[in-house]
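Morning, everyone. Please have the sequence and the model open while I talk.

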Amino acid sequence: MATLKEKLAQIIPGLREEIKALVKEHGAKVISEVTIEQLYGGQRGIKCLVCDTSEVPPDKGLIIREKPIGEIKDKLPEEIFYLLCTGELPDAAALKALQTDLEARQEVPTYVWDVLKAMPNDSHPMVMLNTAILVMEKESIFRKKYNEGMKKDVYWDATLEDALNLIARLPNVAAAIYRMRFNKGNIIPPKKGVDWSANYVHMLGLPDPNGEFTKLMQLYLTLHSDHESGNVSAATTATVSSALSDLYYAVSAGLSGLAGPLHGLANQECLSWILETNKKFNGKPTPDQLKTYAQETLNAGRVVPGYGHAVLRITDPRFDAFLAFGKKYCAGDPVFETVANVFDVVPEVLKQVQKIKDPWPNVDAGSGALLYHFGMKEFDYYTVLFSVSRALGVAAQAIIARAMGYPIVRPKSVPTKWVKAQAAK
Ligand code: CMX
């Protein structure tokens, strides 16, 4: 099979023709209407974005290129990146070529370490990650070639170059942030000849005597990679990228959105909530105690983190995958057991609150407990892991957008007085 770049070069002309013909023939067809409620309600449900890497049907959950996440959860994240970009999983030779390519690109410029070392020692790890990504912007191949007069039909190629450089370096940067920020000792240099997740685990420096933590990281980095393009991190990356800002700008912007507690940061909030629960009840709480605590959280005007979703209306299949992993590798761990018990109890509590549309767990409900089990106890770090994975999806989306020549994003806004006038008609 072809390498990632060769495969993209093969398929892009056909995709361009397909979209050109679709717009030419059916450009005027209406596919979505917008109500005033949607306008003021986070644009929920308005079909106004195209995403070919993945889709999230509310009753099925994440499907990457026609493959339900449950069927591909054991694939390596770099295989998923190939799939996201091209629509096909790589064969052994194409995977090897991609891994070798990433390995060749993984050296982080030394100025990144200087910048990170100069940051306040209580900076949030997400701020450190985004600072590192932004400071590497000077490496952008896209910006360099654009300034040299690159033609539009090869924008995707330079974007792929930036994506591969960024993806190759992110685990190194992220692992170094873990070690610097939490006083774990010197930065650990990468290993040759291991896959992307295994290398990340190696550089984090946490003990992994039987390889189970590496298995968790493979699962974690695969599950969080993409979730169509309407979520905050993906939509922000796509908008910034549409201005032809290079991927360093676009990905750091998107990941800044991931750092919000209603999005990726929920994973750290979720584990705090579980630990608070165990502390309050001196160990594993009973179902009634869990119900009471969930109710108290709601009464205090807080959200129950890890539950609910803007799109999903079922248990997130990514949560199912983490739960199954936990049952296999973390049985007997009181923190994991509370996660499993919360799943038995909390949806019923949330169902009693009429305004909550989805009472089921999302991806963030269980991941923290698994990381905690393997000794990664620094909650503030969890969104960095999510970011390393999400970079795969948002980068793939940006490569495709550049290949298709999509224009700058610029929807129309309207003032409330205009909305009122429409309402009065
Ligand atoms: N606990 C308490 N209240 C919740 C809730 C929860 N888990 N989920 C939704 N609600 C509330 C909302 O805050 C909203 O209240 P207001 O109208 O008073 O603002 C109301 O129910 C309606 O919300 P919704 O339409 O069901 O959900 P939204 O699409 O507005 O929001 C989400 C989705 C994920 C932000 C929300 O469910 C939430 O805050 N969950 C907890 C945080 C979380 O787990 N986020 C991670 C999501 C996955 C990810 O992106 O990583």
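Some ground rules. This is a predicted model, where local features need pLDDT of at least 70, side-chain atom pairs count only at pLDDT 80 or more, and totals for chains, interfaces and linings use all residues. Residues are numbered from 1 along each chain as its sequence is written, and side-chain values use heavy atoms, with hydrogens and water left out.

Back to the ligand. Now the polar contacts, meaning pairs of N or O atoms within 3.5 Å. K357 places a polar side-chain atom 2.8 Å from an oxygen atom of the ligand. Y307 uses a backbone N or O atom, 2.8 Å from a ligand nitrogen. V304 also uses a backbone N or O atom, at 2.9 Å from a nitrogen of the ligand. On its own, the ligand has 890 Å² of accessible area, and the protein covers 76% of that. Those areas come from the Shrake-Rupley method with a 1.4 Å probe.

Next, the core. A nonpolar core is a set of buried Ala, Val, Leu, Ile, Met, Phe, Trp, Tyr and Cys residues joined through side-chain atoms within 4.5 Å. Buried means under 20% relative accessible area, exposed over 50%, partly exposed in between, with a 1.4 Å probe and protein chains only. The largest core has 114 residues, and F81, L129, Y200, F213, M376 and Y381 touch the most other members. Helix α19 (residues 382-404) gives the largest share, 15 residues. Helices are DSSP runs of H or I, at least four residues, and strands are runs of E, at least two, numbered from the N terminus.

Look at F213. Leaving aside neighbours within four places in sequence, its contacts include V201, L204, L371 and M376. Contact means heavy atoms within 4.5 Å.

Last, two loop residues. Most residues other than glycine have a negative phi. E66 has a positive one, near 75 degrees. E66 sits in the loop between β2 (63-64) and β3 (67-68). N183 is also positive, about 50 degrees. Its loop runs between α9 (155-181) and α10 (196-204). Why is N183 exposed? Because its relative accessibility is 71%.

Note on methods
A polar contact is a pair of N or O atoms within 3.5 Å; within protein, one must be able to donate a hydrogen and the other to accept it, and residues adjacent in sequence count only if both atoms are side-chain atoms.
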